[in-house]
Amino acid sequence: MVRPFKLHPVWLEVLNNEFSKPYFSELKKFLLNEKQSGQTIFPPGNRIFAALDETPFDKVKVVIIGQDPYHGPNQANGMCFSVNRGITPPPSLKNIYKEIETDLGISPPAHGDLTRWAEEGVLLLNAVLTVRANQPASHQNQGWEQFTNTIIKTLSEKKSNLVFLLWGAFAKSKRNLIDAQKHLILEAAHPSPFSAYNGFMGCKHFSKTNAYLKQNGLEEINWNLN
């Protein structure tokens with residue numbers, strides 16, 4: 001189910017040491033046991049590493065950190081906050097779209113597929129890359145966090161002038177993995193309806209991201225998904 005050799009070659013090279021570590025072997029065993037016991041796992045096996053495949057290491061300009069995949073049928077597509085076309089955008093994503101409209105004047109798309117952002121250089125990274133159907137957080141503390149923490153630390157160490165968007169307490173807890181001298185860290189409340197109006201709405205993270213990229217001679221992100 002976990003096939004690291006199918007990763008984009010540059011990510012495979014960057015993360016190569018992780019796949020031989022004991023925690024990753026235990027993670028693979030856990031996922032195999034889930035599958036053998038008849039559990040439905042999201043996203044599908046070929047989309048577990050979609051965030052990395054869609055945004056190769058050398059293309060990353062922005063990192064958005066989520067917690068774990070959507071746990072409903074046909075929702076999770078391997079990128080945080082993103083859902084497959086044909087699925088109604090979830091409430092948090094709708095609030096992200098509202099903030100982009102307020103910030104940049106871009107009208108919200110009818111779909112929730114963020115692949116175009118990924119192709120622009122936005123790494124949409126969940127801390128946990130799999131989940132059991134209808135059981136949120138069911139794959140936490142099985143090893144994924146160590147793997148994705150390594151991704152964040154490696155990006156911080158090996159690249160410069162990235163923008164890290166940390167929304168909500170969980171994402172903010174990753175701040176200590178990032179070198180704030182080399183990168184821009186923008187923090188806000190989570191875009192969930194429960195917290196969006198406590199600091200996410202009006203944060204202007206999308207225009208601030210582009211201003212920073214432009215200031216550092218990098219191409220801005222086209223946030224328009226229409």
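Visitor: Which residues does G199 touch, leaving out those up to four places away in sequence?

Guide: G199 touches A188 and A189, with residues up to four places away in sequence not counted. Keep in mind that this is a predicted model.

Visitor: Where does G199 sit?

Guide: G199 is in the loop between β6 and α8.

Visitor: Is G199 buried, partly exposed or exposed, and why?

Guide: G199 has a relative accessible area of 34%. Buried means under 20% and exposed means over 50%, so G199 counts as partly exposed.

Visitor: How far is G199 from W117?

Guide: Their C-alpha atoms are separated by 23 Å. Along the chain, G199 and W117 are 82 residues apart.

Visitor: Thanks! On to the sheet. What is the strand order?

Guide: The order is β3-β2-β5-β6, in an open sheet of four strands with parallel pairing. β3 (122–126) and β6 (184–188) are the edge strands, each pairing on one side only. From one strand to the next, the twist averages 20 degrees.

Visitor: How many bridges join β2 to β3?

Guide: Five bridges join β3 to β2, which covers residues 62–66. Along that pair, V62 stands opposite V122, and I64 stands opposite L124.

Visitor: And what is the bridge partner of I64 in β5?

Guide: In β5, I64 has L165 as its bridge partner. β2 and β5 pair over three bridges, in the parallel sense.

Visitor: What about β5 and β6, how many bridges there?

Guide: Five bridges join β5 to β6, and these two strands run parallel.

Visitor: How many residues of β3 are buried?

Guide: Five of the five residues of β3 are buried. V122, L124 and N126 lie on one side, L123 and L125 lie on the other, and both faces are covered. In a regular strand, side chains alternate between the two faces of the sheet.

Visitor: Which residues of β5 point which way?

Guide: V163, L165 and W167 point one way, while F164 and L166 point the other way. These residues of β5 are all buried, and the strand is mostly covered, with five of its five residues buried.

Visitor: Which of the α6 residues are buried?

Guide: The buried residues of α6 are W144, E145, F147, T148, T150, I151, I152, T154, L155 and S156. Besides β2, β3 and β5, they pack against α1 (9–15), α2 (22–36) and α3 (50–54).

Visitor: What does α6 span from its first C-alpha to its last?

Guide: α6 reaches 21 Å with its 15 residues, close to the 21 Å expected at 1.5 Å a residue.

Visitor: And what about α4, how far apart are its end C-alpha atoms?

Guide: They are 20 Å apart. α4 has 14 residues (91–104), so at 1.5 Å a residue it should span 20 Å, which agrees. The residue that follows α4 is G105, whose phi is positive, near 75 degrees.

Visitor: Which residues of α4 are buried, and what covers them?

Guide: S92, L93, N95, I96, Y97, E99, I100 and D103 are the buried ones. Their cover includes α5 (115–120), β5 (163–167) and α8 (205–215).

Visitor: Which residues line the largest cavity?

Guide: Y97, I100, I106, S107, P108, P109, W117, W223 and L225 line the largest cavity. Y97 and I100 are also among the buried residues of α4.

Methods
Residues numbered from 1 in each chain as written. Predicted model: local features only at pLDDT ≥ 70, side-chain atom pairs only at ≥ 80, totals over all residues. Heavy atoms only, no water. Expected span 1.5 Å × (residues − 1). Buried < 20%, exposed > 50% of the residue type's maximum accessible area, 1.4 Å probe, protein only. Contact = heavy atoms within 4.5 Å. Pairing = 2+ DSSP bridges. Axes fitted to C-alpha atoms, helices over the stretch in contact; angles between N-to-C directions. 1 Å grid on protein atoms, 1.4 Å probe; cavity = no way out; pocket = protein on both sides within 12 Å on 5 of 7 lines; lining within 4 Å.
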